[in-house]
Amino acid sequence: MNKLPGFGLVERARALAPLIAQEADEIERTRRLTRPVVSALIENGLYRGLLPQSVGGAEAPPEVFMQMLEEIAKVDASTAWCLGQCSVCAMTAAYLDPDVAREIFGAPDGILAWGAIANEVRVVPGGFRITARWDFASGSRQANWLGAHVQVVEADGTKRMRPNGTPEIRTIVFPAASATMYDVWDVIGLSGTGTDSYSVDDLFIPEKFSALRDDFTALREKGPLYGITTYTMFGLGFGAISLGVARATLDAAIELSRGKASVGLKAMRENNAVQGLIGRTEGNLRAARAYLYATAAEAWGDLTHTGKLTEEHRAALRLASTWTIHQAASVVDAAYHMAGATAVFRANKFERRFRDMHAIAQQIQARDTHYEDVGRAILTASPVARGPTT
């Protein structure tokens, strides 16, 4: 590792804010990241934040990745969401055959996206064959490679099992041109992510274009970053995006409060209720951010020292990610209501951030069952699941 990990990613993300702000309305209208935004993200290497240095990536520590996403999310949640999704997908390079990893990610515009885990892949000579469809593929409209997480079925129809007795789940990757895309992302929030569906028909996948993602025994890269599963990194990234959305929404409410006055009422800046609400909400947001980053920093410190992420740290990261998303949603709610009728006008961006935040809070990284998983780990010392593919 000769390059300084993640050098400049946060600064470059911050510098792109004016461009992304200029394109945000078009992103929302078309339900896609615009070409200028995608080109800028590629040219500045932001999609390559978590990619191994051996393939030309930054191999950045989690804190740098999180700060990068937070800066982008302050301007547009959909852009940050796609960037976070595709960045974590790129961690798959650490499990792939090196030649395959270079084929997929060697070019600056090498971008991988995927959808939810589903379907089976059948073993055939030299690889696998599959006909299937997947949903929730954030970032797929910018990607030139797609992936899928599938259960392996042997040629005789039996399910392939792992040594621990669970079904083997593999991540397969294939050119986006091999798939049919479906425009289905008509939603209330994160509209610009283009989180569409895709399918393949009788597609052959060579063996080396598959990986046991998040199975540390299959790792080909030895950097400490890859001691963290993609599932955990998704949580950290989406927690950071939530903080960025909450920060921008609260800042907008503060700015509005400095100048807004309603007939028959004190100016907002002089209203004791508004002052108290801003103080409490600011404290809640700062506490959530400090908690997420401190938890990530402690885990990263131990990981780089010992070479392993402990089960205690895994549970702590899961708890911090989930709680931060929920806390950020509460901050956005408070800021939205503070803005009053002003918040319902599209021109003021309150309503978009409100919708985006509540779309974030509906997805898998924010589900309440994570609290149950962590509580069980605390009470019984049982491990928190690494993710759906392990």
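The questions and answers below concern a predicted model and its cysteines, backbone angles, side-chain contacts and helix packing.

Me: How many disulfides does a search of the whole structure find?
Reply: A disulfide requires two cysteine sulfur atoms within 2.5 Å. The sulfur of Cys86 has its closest cysteine sulfur in Cys89, at 5.8 Å, which is too far for a bond, and the closest cysteine sulfur to that of Cys89 is likewise the one in Cys86. For the whole structure, the number of disulfides found is zero.

Me: Is Cys89 buried or exposed, and what is its relative accessible area?
Reply: Residues count as buried when their relative accessible area is under 20%. Cys86, which holds the cysteine sulfur closest to that of Cys89, meets this limit with 2%. Cys89 is buried as well, and its relative accessible area is 0%.

Me: Where is Lys349 placed, and what is its phi near?
Reply: Lys349 sits in the loop between α9 (311–338) and α10 (350–360). With a relative accessible area of 24%, Lys349 is classed as partly exposed, since that class lies between the 20% and 50% limits. Its phi is positive although the residue is not glycine, and the value is near 70°.

Me: Which side chains are joined to that of Thr195 by polar contacts, and at what distances?
Reply: Thr195 belongs to the loop between β6 (180–182) and β7 (196–206), and it is buried there, with a relative accessible area of 3%. Another polar contact links the side chain of Thr195 to that of Thr193, at 2.6 Å.

Me: What polar contacts does the side chain of His149 make?
Reply: His149 is located in strand β4, which covers residues 145–153, and at 4% relative accessibility it counts as buried. Its side chain makes a polar contact of 3.0 Å with the side chain of Thr171. The side chain of His149 also makes a polar contact with that of Arg213, at 3.3 Å.

Me: Are α7 and α9 roughly parallel or roughly antiparallel?
Reply: Two packed helices are described by the angle between their axes together with the distance between those axes. Helix α7, residues 230–259, packs against α9 at an angle of about 20°, the axes being 8 Å apart, and α7 passes α9 in a left-handed crossing. Because angles under 35 degrees count as roughly parallel, the relation of α7 to α9 is roughly parallel.

Me: How are α9 and α10 oriented, roughly parallel or roughly antiparallel?
Reply: Residues that meet across this pair include Ile325 and Tyr336 in α9, and Phe350 and Ile360 in α10, while the crossing in which α9 passes α10 is left-handed. The two helices pack at an angle of about 155°, with axes 10 Å apart. Such an angle makes α9 and α10 roughly antiparallel.

Me: What distance separates the C-alpha atoms of Ala287 and Thr324?
Reply: Ala287 is part of helix α8, residues 272–306, and is partly exposed, with a relative accessible area of 40%. Along the chain, Ala287 and Thr324 are 37 residues apart, and the separation of their C-alpha atoms is 9.3 Å.

Me: How far apart in space are Gly259 and Arg269, C-alpha to C-alpha?
Reply: Gly259 lies in helix α7, where it is exposed, with a relative accessible area of 60%. Gly259 and Arg269 are ten residues apart in sequence, and their C-alpha to C-alpha distance is 7.2 Å.

Terms used:
Residues numbered from 1 in each chain as written. Predicted model: local features only at pLDDT ≥ 70, side-chain atom pairs only at ≥ 80, totals over all residues. Heavy atoms only, no water. Buried < 20%, exposed > 50% of the residue type's maximum accessible area, 1.4 Å probe, protein only. Helix = DSSP H or I, 4+ residues; strand = E, 2+ residues; numbered from the N terminus. Polar contact = N/O pair within 3.5 Å; in protein donor to acceptor, adjacent residues only side chain to side chain. Axes fitted to C-alpha atoms, helices over the stretch in contact; angles between N-to-C directions. Parallel < 35°, antiparallel > 145°, perpendicular 65-115°, else oblique. Left-handed = near helix turned anticlockwise from the far one by under 90°. Contact = heavy atoms within 4.5 Å.
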